[in-house]
Amino acid sequence: MTPITILAPVKLAPGKTEADLLAASTKFQQNFVAHEPGVLRRELVRTPDGTYLDIVQFRSEADVADVMEKEMKSPVCAEFFSIMDLSDFDPEAPMDMYVSLQTH
């Protein structure tokens, strides 16, 4: 299996703060991500323009598809996504997937 990394941009919904994002991210991690064996690691970072990236490494492309399907049905995920401004998000658009060549 070849690990796949997704760089998911996160823009906060109006009225939401970084503290809201961190609290929601922790809950999402504990109640959803931690139970997904296909997720190898996850990191939330702030970008220079004040938005965020949720960097998630998966075991394989099949694991990406599996987890994304589960996300669409999960109330825990819906709560995490509710703090985001998804007005520019197109759920039909393919996400960029980055194939790992080396991990050190």
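**Sheet architecture and salt bridges of the predicted model**

Helix α1 lies across β1, β2 and β3 and runs at about 175 degrees to β2. Angles are taken from 0 to 180 degrees between N-to-C directions, with axes fitted as lines to C-alpha atoms, for helices over the stretch in contact, where contact denotes heavy atoms within 4.5 Å. Helices (H or I, at least four residues) and strands (E, at least two) are DSSP runs numbered from the N terminus. The model is predicted: local features require pLDDT of at least 70, side-chain atom pairs count only at pLDDT 80 or more, and totals for chains, interfaces and linings use all residues. Residues are numbered from 1 along each chain as its sequence is written, and side-chain values use heavy atoms, with hydrogens and water left out.

The open sheet comprises 4 strands in the order β2-β3-β1-β4, with antiparallel pairing. Strands β2 (39-46) and β4 form the edges, each pairing on one side only; pairing requires at least two DSSP bridges between two strands. Strands β1 and β3 (residues 52-58) run antiparallel and are joined by 7 bridges. Within this arrangement, T5 has Q57 of β3 as its bridge partner.

Side chains of opposite charge can pair when their charged atoms come close. A search of the whole structure identified 9 salt bridges, each defined as a side-chain nitrogen of Lys or Arg within 4 Å of a carboxyl oxygen of Asp or Glu. One of these connects K11 and D85, whose closest N and O atoms are 3.6 Å apart. This pair links distant parts of the chain, 74 residues apart: K11 belongs to the loop between β1 (4-10) and α1 (18-31), and D85 to the loop between α3 (75-81) and β4 (98-99). K11 is partly exposed at 43% relative accessibility, and D85 is likewise partly exposed, at 22%. In this classification, buried means under 20% relative accessible area, exposed over 50%, and partly exposed in between (1.4 Å probe, protein chains only).

A salt bridge also forms between the side chains of E79 and K27, with an N to O distance of 3.0 Å. Here helix α3, which contains E79, is linked to helix α1, which contains K27, across a separation of 52 residues. Both E79, at 41% relative accessibility, and K27, at 38%, count as partly exposed.

The side chains of D63 and R59 meet in a further salt bridge (3.0 Å, N to O). D63 is buried, with a relative accessible area of 10%, whereas R59 is partly exposed at 31% relative accessibility.
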